[in-house]
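Open the model in your viewer and keep the selection panel at hand.

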Amino acid sequence: MNLTLYGYWRSSASYRVRIALNLKGLKYNYVPVHLAKDGGEQHSEHYQRLNPARLVPTLVHEDEDIILTQSLSIIEYLDERYYDAYPLLPKHTLERASVRALAQDIACDIQPLGNLRVLNALKSQFNASDDATTQWVRKWTETGFRAIESRLQTQAGKFCFDFDVTLADVCLVPQVYNARRFGVNMHQFPLISKIAENCNALDAFKQAAPENQTDSQ
């Protein structure tokens with residue numbers, strides 16, 4: 001097995017993949033791609049050959065000559081390829097769809113609106129101030145979290161879906177990290193906060209935390 005993850009320490013999409021790799025106990029090489037340094041290393045010719053979208057993360061599975069982009073696609077590949085090592089999606093069809101729905105609430109509807117390139121565009125093209133972009137992130141995070149908090153009332157246990165860590169938790173924790181970074185008052189989301197706390201007590205989540213990455217300095 002020869003896995004290489006190209007990512008950025010503070011990218012929530014990269015964070016998700018790190019958690020999944022750690023939960024499954026998979027060893028991987030980590031190659032930092034700094035999204036701001038020198039205009040953004042994601043724009044380099046080398047990286048564009050790997051990922052023409054110039055986004056992180058990118059997973060390279062050299063043993064099988066595979067290059068994958070998009071965090072949810074990467075995680076589902078890892079889950080199917082190494083299913084017995086800490087499965088992240090339930091076997092039951094309806095339960096699997098429910099987990100995917102919550103994961104996509106985060107990865108498709110909340111996180112992209114706080115993406116670095118979106119915030120940069122708000123500043124450069126629409127003259128938004130730093131305070132305005134922060135308010136933008138808070139607004140959309142809180143809008144999404146209110147729906148998730150409501151949904152969790154009927155399904156959560158220790159984690160998003162009862163007592164097993166799933167893809168939903170893998171997506172939730174990085175979004176909570178982003179929420180706190182942008183000053184969202186998490187007291188209004190007690191279930192989300194408790195689930196994130198439970199997840200962050202696990203070594204796989206601790207090791208994946210942004211501050212524990214080699215490029216965080």
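Select His-61 and look across the strand pair: His-61 stands opposite Ile-66 in E4. Strands, like helices, are DSSP runs numbered from the N terminus (strands E, at least two residues; helices H or I, at least four). This is a predicted model, in which local features need pLDDT of at least 70 and side-chain atom pairs count only at pLDDT 80 or more, while totals for chains, interfaces and linings use all residues. Numbering starts from 1 along each chain as its sequence is written, and side-chain values use heavy atoms, with hydrogens and water left out.

**The sheet**

Select residues 58-61, strand E3. E3 and E4 pair in the antiparallel sense over four bridges; pairing requires at least two DSSP bridges between two strands.

Now show the whole sheet. Four strands form an open sheet in the order E2-E1-E3-E4, with mixed pairing. Strand E2 (29-32) and strand E4 (66-69) stand at the edges with a single partner strand each, so one side of each has no neighbour in the sheet. From one strand to the next the twist averages 20°.

Contact here means heavy atoms within 4.5 Å. Axes are lines fitted to C-alpha atoms, for helices over the stretch in contact, and angles run from 0 to 180 degrees between N-to-C directions.

**The domains**

Colour by domain: domain 1 is 3-86 and domain 2 is 93-204. The bounds come from an automatic or database domain assignment. The domain centres, taken over C-alpha atoms, are separated by 20 Å. The contact takes 16 residues from domain 1 and 17 residues from domain 2.

**The largest pocket**

Which residues lie nearest the centre of the largest pocket? Select Leu-35, Leu-55, Asn-115, Leu-116 and Arg-117, out of a lining of 40 residues. On a 1 Å grid over the protein atoms alone, a pocket is an open set of points with protein on both sides within 12 Å along at least five of seven lines; a cavity is a set where a 1.4 Å probe fits but cannot get out; lining residues have an atom within 4 Å of a point.

The volume of the largest pocket is about 950 Å³. A volume is the space filled by probe spheres set on the points, which are joined across faces, edges and corners. H5 gives the most to this lining, with six residues. Both domain 1 and domain 2 supply at least three residues each. By class, the lining has 16 nonpolar, 17 polar and seven charged residues. Nonpolar covers Ala, Val, Leu, Ile, Met, Phe, Trp, Tyr, Cys and Pro; charged covers Asp, Glu, Lys and Arg; the others, Gly among them, are polar.

**The second largest pocket**

Select Pro-90, Glu-95, Phe-161, Asp-164 and Thr-166, the residues nearest its centre among 15 in the lining. Its volume is about 270 Å³. The lining divides into 10 nonpolar, one polar and four charged residues.

**The cavity**

The count comes to one cavity of 30 Å³ or more. About 60 Å³ of space lies in the largest cavity. Select its lining residues, including Trp-136, Trp-140, Gln-175 and Phe-182. H6 supplies the largest share, four residues. The lining has six nonpolar, five polar and no charged residues.
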